[in-house]
Structure formats: C-alpha cells, structure tokens
Protein chains: 2
Amino acid sequence: MKSDVDKILQGNQLAAARLIRLLEDGDPEGIQGLKAIYPYTGNALILGITGPPGAGKSTLLTHVITEFRKRNLRVGVVAVDPSSPISGGALLGDRLRMRQHTEDKGVFIRSMATRGHLGGLSKTTNETVLVLDAMGSDVIVIETVGVGQDEVDVAEAVHTTAVVSLPGMGDEIQAMKAGLLEIADIFVVNKADKPGVDDVVDQLRLMLDMRNEPDNQWKPPILKTIAVNGEGVTELVDAFMAHRSYLVESGNFDKCNVEREFQFFRNLVMEMAAGKIFDAMADLPAYNDLLANLKARKVDPYTAAETLTKGIECKI
Amino acid sequence: MKSDVDKILQGNQLAAARLIRLLEDGDPEGIQGLKAIYPYTGNALILGITGPPGAGKSTLLTHVITEFRKRNLRVGVVAVDPSSPISGGALLGDRLRMRQHTEDKGVFIRSMATRGHLGGLSKTTNETVLVLDAMGSDVIVIETVGVGQDEVDVAEAVHTTAVVSLPGMGDEIQAMKAGLLEIADIFVVNKADKPGVDDVVDQLRLMLDMRNEPDNQWKPPILKTIAVNGEGVTELVDAFMAHRSYLVESGNFDKCNVEREFQFFRNLVMEMAAGKIFDAMADLPAYNDLLANLKARKVDPYTAAETLTKGIECKI
C-alpha cells in the first residue's frame, strides 16, 4: 500500500483505481490509503455538471474535457449518473467519443456504477474525489443526473455547479425549480439549435431575477451550447474559470473545501458511533428486549432509539 | 395533537397532511404524533413502482388506483419522483387524470417534493408511509424514479417492487441491470403497443433465467401494459395481490415490515447518537482543536472521526 500511495501522488491511474476499489469495498486498507494521501488533497477545482437524463450532459462533458486539456489542465471525472454513457450505459457513439480521453494520461475517468452499498453515494463520491485530487487533477468534474437527494448532496459539495437544461423543457424546469435551480452557479441550455431555446433562456432569466442576490455575489450566467459539435464549450469553460476566480477572491474556495470535509467527518462520526453502540449492545439482555419489543411493534422506532442513545457518554 | 391522532386513525386526510408536514419539518410535535399512531401501523401492503422518467409510471399508477378502488381497497400514494405529474410536475393531462382520485376519500396522495433536508428521502418517505398506514390504507404505493441510491433504499423497504420499462430501452435495461432489476418482484413493459415490445420482454426473460432462483421462491412475472388506455392493469393488480399472498404465506410479509422498521430505528440511532456527541463536545477545547486541525487539513476526516468516537461509552 505504501508504494501505491507514492504512485498515486505521481498520478498513476492503476494505483488510484486500486485504492478507489478498496474504499468502495469498505476495506480497512483503503482507509489507510486515504489517510496517507489526505495531506496532498484540497487543491483541485471540483465541478458538478447536473441535469435530467437526455440533456446531453455526457456529450457536453467530453467536449469540456477536451477544452480543459487544451488549456493544459489535468482532469478527473466521476460519473454518478447511472444512465450516463460514461458509466458504461447507453450509446456506443458516446462511448467511442469518451475513448479518446481514456488513452490520455491527463484524464482519469471513474464511474460510480457500484454505488453506495456501504455508506451511500456521497461518501463514495467524496472518497473518489480525494483520490483524484491527490493524483494531481487540476479539475475534477462530477456528472450527476440531479434527481435524488444523494445527487443534490453531491452537487452541494462541489465548488461550481452547472445545471444543464434543454429546449422544450418548460414543465420540467418548473419541477426542477425547487431543488436544482437554487444550487446552480452556471446555467447551460444545451441543444441550442433546437426550437424553443430562447423560451428556456427567458424562463431561467426570470427565475434568476427572482433570486435577487446582493450586488457582490456571483451572478450565474446562462450559456447556450450545442454539445454534439462543441459549440459554446469554450465559453462554458471560461465561465468555470471565472467562477473559480470569484471563489478564490471571495474566500469561498477554501470555505467550500472546509464545509465538504466537515460534512464527510460528520457522516463518519454518525457511522462509527452507531457501529460502536450496536457492538456494545449486542449481547445485553436489555437491548435484546428492546429489539423484541420493536419487532412486536410494542415500542416505536423513535422511543427505541431514544432509549438506546440515552445512556451514551463521550469524552475526548 | 391528541385529537389529530384520533382523526388520523379515522382516516381524516387533513389531520394526516398536518402530521406529515410536522414530520417533514422535524417538529418534535410530529414525532409525538408518530409515536401515538405507531401501534396502529403495520397492516398496509406497501408497493413500489419504479422505472426511468418517461416510462409512463404516473399514468399507469392512476389506472392501478382505479382498479384497487374497484376492489374496495383504500389507497395511499407517495410520489417520490420529482418529475412525476403527481408531484406537481409535468403534463396537465396527467394532472387532470389524477384529479379524479383527489376527490375520492378512499385515496390519499402525498408528494415528496419537499425532499429530505432533514434526514434524507428514505426517512421522510418511511414516516409518510406510517401515517398513511395508520389512516387505514389497505395499499400504499410509492412511486420512485429509481435512479438514486435513496430511491433504491426506498424500493428495498417495500413489500413488492414493480419495475416499469418500455420498448426501445435495450441499452437502458443494460444500465438498469446492476441495481433495479435485482429488486423487481414484477416486471412491467409499458407502452406495449409500441414496436420492440417483445424484444424487451425477451431480454427481461433472459435476465430472469440467469437469476436462477430456488423452486419455492417467487418467480417475477413479466406483464405488458398500455397505460394510456389501461390495458393490462387488471393483470398487474392481480399480480400485486398474488405476490401479497406469497409474502404472507412464506412469512416474508412480516419479515419485510420488521426489517424496514429496524432500518428506520438504526438510522434514528445514528442521527441521535451524532447529535448527542456533537452537543457534548461543542465547548470542549480538545474538540475545537480537532476541528481546527481538520480545517487546516492537518488531520484527515477518518482519523478525526476515530478520535471523536473512541471515547464513546454506552449503557442501556
């Protein structure tokens, strides 16, 4: 493992993939590896690209990667959308398009297909991001479908979120309003050659006007792209870099890192604490009585959990 | 609140909606209400209908509700899919179709649009199901989009999962394979009037053959439906009831309830334990040193969480 850590810090993709797999499996060796690489993380710009299935996120992403590479930046990609071609799903054409990047040593793509049987999607994604960061990625892009709460949690942990919509999505935008739109730093209207593109842009602008941010805050731009031929991608990458400058200057870049790590820490505390409690209880008759009552619906889960956690004491 | 509990047990929808809202807000009064209704729960058959956006789940669901009502069963619905017309999204036509049910006292529909800012989707859904159960629902249907881990968690907690696919979905089925197909008790191929329906059925059958279950186990049927005109819905509801009989006879009905409640209990323990720990720590200098080191990346989240949870002691 020791030598694997050195290899990861030198950008070795095989060693990185091995560590990610250990972490996905909840292997203690993986946690040792993560601890070892941790001091070398915290440098990458973490981007989220999210939007409904069919918005063309993956095609857009391949062009975004190409543009980052042109600017000589190393790119890590975490694909969280299970319907994403990057995760091994859909269209052959898309997969072929991604292949150009898989042979590029400056691009490391990882799919979260084996999602969260041990601690949920956000934990696995978080750990993967740390590995990509330690490898020396300048930019890490997380592609999510933006539907589940997990995906929203992931999006909230990134520096910059681009929300992709497409023409003819009027009603869906209404549905997205509640959750996704509020976390957007950049709006992308993809398939901008399709009719109705200006309607979507107008709707988004209207919603933005209602957000009514203070003057010194970031104003999310609304960009049009045509992912299939790469139109608008340069401007999108410019917007990512502009947002990065804004974050660094306002102190929000580090603040976002600290918040993400604290959230990760908090989740680990929850998990470890519960593990300790259930281990300590396992053989106690009182605990087994409690379980029997829970099973017989003689006690409700809230009261049972209160009973169990009442006796917790902790010192540091 | 006391009188609200009585009203809920009598099936009063307004009182039920009030309790659900309190629970969504994490209001202690909500938890009191849940404790009071809890002894009256555990009777409903809980169904999950899941599948990708655009598969026609909501239209199918309106017909399924009608069929349950014909059989004189009271129905509760929890719509978890944010793109669902039931959640207030999409097409007017669908919303109108649902309206026929909103005036029926035997149907109570609740959307999880305000998802999970306090404890995640599965918690809120679980609590809502308990309220619908206490109201006397014979059947509770949870509609999910089946994309995120949260949705899979929800689906795992139901008695019966119907996975909806549609013709022309070959590649998507491949992508679904890993997660959704394994949890399906019933397969529905909707839009069965569209070309390619038999290809999907064949693919599903092939996958089922590979599952290779023991003889005494439930064999998931593959049903064709045309949601827009209700074709195949009677057979689908028959399949739901057949699966219910199988579950009851095999003892799996109660086992599933126990597992769901234990999972709910476990999550509550995690949350409460972490709350207690962080409260106890808040003013300790050693804890604040730990946080400062975490912030400065001098300690990694794993080591910090281990340090914090090392001193936990619990008795019951």
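## Confidence, helix packing and selected residues in a predicted model

Chain A has an average pLDDT of 83, with 81% of its residues scoring at least 70, where pLDDT is the predictor's confidence in each residue, on a scale from 0 to 100. Over residues 86–97 of chain A the pLDDT is below 50, and this stretch has 34 contacts in the model beyond near neighbours in sequence; two residues are in contact if their C-beta atoms, placed from the backbone, lie within 7 Å. Residues 114–119 of chain A also stay under 50 in pLDDT, and for them the model has nine contacts beyond four places in sequence. Where pLDDT is low, the predicted coordinates should not be read in detail. The model scores ipTM 0.80 and pTM 0.75.

This is a predicted model, in which local features need pLDDT of at least 70 and side-chain atom pairs count only at pLDDT 80 or more, whereas totals for chains, interfaces and linings use all residues. Residues are numbered from 1 along each chain as its sequence is written, while chains are lettered from A and ligands numbered from 1 in the order in which they are written.

### Chain A as a whole

The secondary structure of chain A comprises 13 helices and eight strands, these being DSSP runs numbered from the N terminus (helices: H or I, at least four residues; strands: E, at least two). Of the 316 residues of chain A, 50% count as buried; a residue is buried if 20 or more other C-beta atoms lie within 10 Å of its own, exposed if 12 or fewer, and partly exposed in between, with C-beta atoms placed from the backbone. Among the contacts in chain A with a separation of 6 or more, 74% come from residues 24 or more positions apart.

### Two helix pairs

Two packed helices are described by the angle between their axes and the distance between the axes. Axes are lines fitted to C-alpha atoms, for helices over the stretch in contact, and angles run from 0 to 180 degrees between N-to-C directions.

| Helix pair | Crossing angle | Axis distance |
|---|---|---|
| α10(A) (residues 233–250) and α11(A) (residues 252–281) | roughly 85° | within 5 Å |
| α11(A) and α13(B) (residues 301–310) | about 40° | 9 Å |

Helices α10(A) and α11(A) are therefore roughly perpendicular to each other, since angles under 35 degrees count as roughly parallel, over 145 as roughly antiparallel, 65 to 115 as roughly perpendicular and the rest as oblique. Their contact is made by L247(A), V248(A) and S250(A) of α10(A) together with N252(A), F253(A) and C256(A) of α11(A).

By contrast, α11(A) and α13(B) are oblique to each other. The residues of the contact of α11(A) with α13(B) include F264(A), F265(A) and L268(A) on one side and Y302(B), A305(B) and L308(B) on the other.

### Individual residues

Most residues other than glycine have a negative phi, and most peptide bonds are trans. With 25 C-beta neighbours inside 10 Å, K191(A) counts as buried.

In chain B, K191(B) has a positive phi near 60° and is placed in the loop between β6 (186–189) and α9 (197–211) of that chain. K191(B) counts as buried, with 25 C-beta neighbours inside 10 Å.

A292(B), in helix α12 (residues 285–295) of chain B, is exposed, with 11 other C-beta atoms within 10 Å.
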